[in-house]
Amino acid sequence: MPEKSQTQISKCWYSDLEKDGMIYAKTIRSPKKSGVLKSVEIKDLPEGYFFIDAKNFPGKNSMETLGACMEIFCSEKVLYEGQPLALLAGPSKEILEDLAAKAKIEIEPLSEPAERVALSQKHIVLGGGRQKNVQKFFTKAAFKVQNKWTYNLPSTEVNETNGALCYFSKDTLVVNTPTQWPSHLLKNLSEALEIDEEKVFVNKTFTCEPSANSLWGNTLLACQASAAAKLSKKPVMLILSREENDKFISNTGEVTITHKTAFDKSGLIQAATIDIDFDAGAFNPLAEEIIDRLTIACVGVYNFSNLEINAAARSSQKPPASVNIETIDAQAFFAVESQLQASAEITGIDPGELRFVNSKILKNEASKMPFVINIEKAAETMNAILAQSDFKRKFIANNLNRSFKYDNIKIRGIGLSTAYDASGYYGTSIFECNQKMEATLQKDGSLEIHAISPSKTILEIWKNEAAEILQIEPKMVKVNSEFSIKNEPLIPENFYSNLSIMTSLLKKCCQGIQAKRFRSPLPITVSKAITKTQIKQWNKTRFKGTPFNSTSFVTVALELTLDTCVYKPEIKNIWVAVSAGKILAGKEAESKIKFSIQKTLAEVMQNERLKAKNISIAFVQSESESAQIGGLIKKALPAAFAAALSQATNAPIRSLPLKAEDIFKAALSASAKEKDGEK
């Protein structure tokens with residue numbers, strides 16, 4: 001290990017690694033949601049096998065995340081079903097499974113049931129007159145639409161599950177794991193195992209991206225495996241099962257959003273109330289950040305002159321919810337876009353027209369909303385999809401065909417949705433926008449970028465951008481991802497954006513180097529960071545201003561048929577238009593969007609993997625700074641899918657993911673209502 005660096009980047013999967021004398025680990029978890037842990041016992045533990053719990057933990061049995069403290073192994077109060085109680089380690093995976101199944105766990109019930117506690121809350125009122133009463137506008141409304149929308153799409157990962165290989169080399173701890181937060185891992189390993197931080201080294205292995213890595217969940221696993229390594233004096237490999245990974249690492253938590261909207265006869269929104277409930281699990285250090293982002297996104301790109309928002313993240317007896325930074329606000333876009341689509345059915349106004357009527361952004365006009373979202377060429381993006389998909393004609397035709405009540409085996413539906421992907425949230429109270437970039441032009445003319453190593457695509461973009469400014473060959477540009485303890489980046493990898501923000505900072509570094517290049521001796525080092533002026537664009541206290549560093553925009557139309565024999569939807573066509581500034585790697589961007597489409601389609605239904613036959617992708621060209629596009633599809637496609645399915649079944653699809661039986665029940669209910677109406 002290099003003496004100057006605590007973290008190395010490894011080009012391998014941790015689960016492929018081996019170490020002489022390596023043993024395996026298995027977690028013993030709580031079978032109950034709550035209670036008081038009295039004991040965990042394993043009778044007749046074979047020789048060469050080890051048992052670790054809170055009582056014999058070799059150090060401090062706790063870790064800290066953003067001020068929130070949590071136990072590595074439960075010592076007394078059980079917070080959720082599946083909470084780690086102990087760890088078994090030994091040479092045979094089969095014997096470990098057998099021992100874990102035979103573990104005797106005694107948990108006494110609590111005298112009083114646990115209550116849901118608000119971890120973060122937000123209350124906002126716009127308009128409503130002097131009394132700030134938004135409800136009064138509903139009494140004279142021409143149309144009132146109220147729906148509850150629930151969104152809890154899983155994060156399907158096809159590569160290895162999370163875990164770690166940990167071992168001691170003399171008095172030095174070496175951890176091989178796919179961490180996305182090295183500084184957090186180093187600090188907690190040092191404190192939990194009572195080892196000097198200088199004697200902890202992290203080998204950062206491949207991560208599965210995009211990922212809903214729980215950030216602190218990976219650190220918890222590494223602490224558990226390291227404790228087993230310290231106690232057994234052997235290398236320990238801890239690998240989660242797929243079920244464990246989905247439940248405790250990739251679980252993003254359920255969000256339920258209730259929209260109540262009042263329209264006049266022309267389809268203009270007169271007033272709205274939006275209630276957001278986020279099930280954060282037993283605890284959640286990122287609860288405030290998540291609620292902020294959901295609150296901003298819950299209005300989409302639309303205007304509300306009278307609006308009340310109530311948002312809360314509440315604890316529950318479920319595993320702590322994780323977060324996928326790329327899609328942190330996806331649930332909010334699903335709700336607002338689904339509400340607009342449902343409102344189009346009730347008002348009789350075309351879904352495209354209804355969106356234009358209620359969006360200053362789509363009309364290229366200055367918005368009066370407190371959340372200033374700067375989106376370039378939004379109207380062009382929407383109009384491109386409306387034209388390409390022939391949306392209006394197909395939407396009307398599908399409704400007419402449905403009204404004829406022919407016994408067709410396959411019925412059609414088409415849905416529309418928009419969303420933006422924002423990066424660089426200025427209102428964060430967690431990392432204070434602590435993003436920096438440093439670049440050095442060396443004596444041999446090569447450029448060294450000191451940053452966390454990005455993906456291959458972004459790395460090529462960095463090389464080409466830097467080479468163009470400094471007039472050097474791209475092969476002369478290299479990334480140095482080694483950091484000393486004092487300089488280890490404090491924020492998690494990809495927390496805000498490697499493309500939009502870091503690329504912009506890199507360009508400023510290169511421009512600074514170029515300005516000094518022929519006046520100062522080499523090497524020349526220039527550092528750049530997000531400025532205080534940028535951050536001040538957003539007033540966190542008043543929750544007003546420009547909240548993001550950059551935004552991209554997408555419009556999606558989805559056409560499907562529904563087989564009424566098996567009630568399985570078949571995706572016929574998907575049209576996507578994206579406005580994301582200057583597209584620096586067109587083929588790679590298109591490939592990423594197609595991959596995201598197929599991945600999202602695999603998540604919208606349980607036990608089914610939908611696929612799209614025809615996908616059309618268009619980029620609205622611009623010379624503006626490039627913006628992040630990674631989360632666009634996950635934010636827009638689910639609402640378009642639900643809208644298309646709603647039209648096909650003639651019943652509102654208010655929750656995702658779905659089962660085939662849910663679709664059958666929705667269609668059956670709609671048919672029953674039609675018959676009652678005829679009577």
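Me: Which residue in β23 is the bridge partner of Glu438?
Reply: This is a predicted model. Strand β20 (residues 436–441) runs antiparallel to strand β23 (residues 524–529), and 6 bridges join them. Within β23, Glu438 has as its bridge partner Ser527.

Me: And which residue in β21 is the bridge partner of Glu438?
Reply: β20 is also joined to strand β21 (residues 447–450), by 4 bridges in the antiparallel sense. On that strand, the bridge partner of Glu438 is His450.

Me: Which residue in the hairpin of β20 and β21 takes a positive phi?
Reply: The hairpin has 5 residues between the strands. A positive phi near 90 degrees is taken there by Gly445.

Me: Which strands stand at the edges of the open sheet of 6 strands?
Reply: The pairing in this sheet is mixed, and the order is β10-β18-β17-β16-β11-β29. An edge strand has a single partner strand, so one of its sides is left without a neighbour in the sheet. The strands in that position are β10 (118–126) and β29 (655–656).

Me: At about what angle does helix α6 run to β11?
Reply: Helix α6 (residues 330–347) lies across β11, β16 and β29. Its angle to β11 is about 145 degrees.

Me: Is Thr555 buried or exposed?
Reply: Thr555 is in strand β26 (residues 548–563). Leaving out residues up to four places away in sequence, Thr555 touches several others, among them Met382, Leu416 and Trp575. Its relative accessibility is 0%, and buried means under 20%. Thr555 therefore counts as buried.

Me: How are α13 and α14 oriented to each other?
Reply: Helix α13 (residues 586–601) and helix α14 (residues 632–649) pack with their axes 9 Å apart, at an angle of about 45 degrees. α13 passes α14 in a right-handed crossing. By their angle, the two helices are therefore oblique.

Me: How many nonpolar residues does the contact of α13 with α14 have?
Reply: On the α13 side the contact is made by Ile593, Ser596, Ile597, Thr600 and Leu601. α14 contributes Ile633, Lys634, Leu637 and Pro638. By class there are 2 polar residues and 1 charged, and the number of nonpolar residues is 6.

Methods. Residues are numbered from 1 along each chain as its sequence is written. This is a predicted model: local features need pLDDT of at least 70, side-chain atom pairs count only at pLDDT 80 or more; totals for chains, interfaces and linings use all residues. Side-chain values use heavy atoms; hydrogens and water are left out. Axes are lines fitted to C-alpha atoms, for helices over the stretch in contact, and angles run from 0 to 180 degrees between N-to-C directions. Angles under 35 degrees count as roughly parallel, over 145 as roughly antiparallel, 65 to 115 as roughly perpendicular and the rest as oblique. A crossing is left-handed if the near helix is turned anticlockwise from the far one by less than a right angle, and right-handed if clockwise. Contact means heavy atoms within 4.5 Å. Ala, Val, Leu, Ile, Met, Phe, Trp, Tyr, Cys and Pro count as nonpolar, Asp, Glu, Lys and Arg as charged, and the others, Gly among them, as polar. Buried means under 20% relative accessible area, exposed over 50%, partly exposed in between (1.4 Å probe, protein chains only). Two strands pair if DSSP finds at least two bridges between them.
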